[in-house]
Amino acid sequence: MPAGHVSRVRALYRHILLLHRALPPDLKALGDQYVKDEFRRHKAVGSDEAQRFLQEWEVYAAVLWQQTNENRQNSTGKVCFGAALPEEKLNDFRDEQIGQLQELMQEATKPNRQFSMTESRKPKC
């Protein structure tokens with residue numbers, strides 16, 4: 001694997017985890033775990049799949065960055081993250097990916113989430 005590719009993957013991975021800091025704590029925990037699992041799962045894929053994987057995660061990072069900025073400027077205090085997937089994009093998914101997406105949606109929307117994190121109110125020195 002070329003060094004440029006590896007550094008691109010690492011930079012994107014770090015960037016996404018940094019963006020997740022703006023998410024509510026339970027979604028941050030869920031998102032961090034999902035990103036870690038997905039990047040680990042795609043370590044040994046072929047060149048074409050790796051390229052598409054990176055492109056999709058770059059789009060995710062751009063959307064999350066935009067939503068984070070919009071939420072900071074929102075005076076109502078209501079935080080909104082996420083986007084609808086167009087049907088044509090869903091049609092491109094394999095059955096395994098649809099199943100993963102369904103599991104992720106169920107986890108993200110259930111009332112008693114598996115991930116329970118509390119934010120510390122003390123400033124870190």
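The accessible surface of the protein chain is about 9,500 Å², and carbon and sulfur atoms account for 52% of it; areas come from the Shrake-Rupley method with a 1.4 Å probe, and for residues only the protein chains shown count as cover. This is a predicted model, in which local features need pLDDT of at least 70 and side-chain atom pairs count only at pLDDT 80 or more, while totals for chains, interfaces and linings use all residues. Residues are numbered from 1 along each chain as its sequence is written, and side-chain values use heavy atoms, with hydrogens and water left out.

Of the 125 residues in the protein chain, 21% are buried, that is, under 20% relative accessible area with a 1.4 Å probe and protein chains only. The chain has 5 helices and 0 strands, giving the pattern α-α-α-α-α along the sequence. Helices here are DSSP runs of H or I with at least four residues, strands runs of E with at least two, both numbered from the N terminus. Among contacts (heavy atoms within 4.5 Å) between residues at least 6 apart in sequence, 56% join residues at least 24 apart.

Asn71 belongs to helix H3. Asn71 counts as buried because its relative accessible area is 16%. A polar atom of its side chain lies 3.0 Å from the backbone oxygen of Cys80. Apart from neighbours within four places in sequence, Asn71 is in contact with Lys78, Val79, Cys80 and Phe81.

The open spaces come next. A pocket is an open set of points on a 1 Å grid over the protein atoms alone, where a 1.4 Å probe fits, with protein on both sides within 12 Å along at least five of seven lines; lining residues have an atom within 4 Å of a point. Points are joined across faces, edges and corners, and a volume is the space filled by probe spheres set on them.

The largest pocket holds about 1,700 Å³ of space. Its lining has 42 residues, with Tyr34, Tyr60, Leu85, Leu101 and Leu104 nearest the centre. Helices H2 (25-41), H3 (47-73), H4 (87-91) and H5 (95-109) each contribute at least two residues to this lining.

The second largest pocket has a volume of about 350 Å³. Of its 16 lining residues, Val9, Arg10, Phe39, Arg40 and Lys43 lie nearest its centre. Helix H1 (3-19), H2 and H3 each supply at least two lining residues, and H1 gives the largest share, 6 residues.

Conventions. Buried means under 20% relative accessible area, exposed over 50%, partly exposed in between (1.4 Å probe, protein chains only). A polar contact is a pair of N or O atoms within 3.5 Å; within protein, one must be able to donate a hydrogen and the other to accept it, and residues adjacent in sequence count only if both atoms are side-chain atoms.
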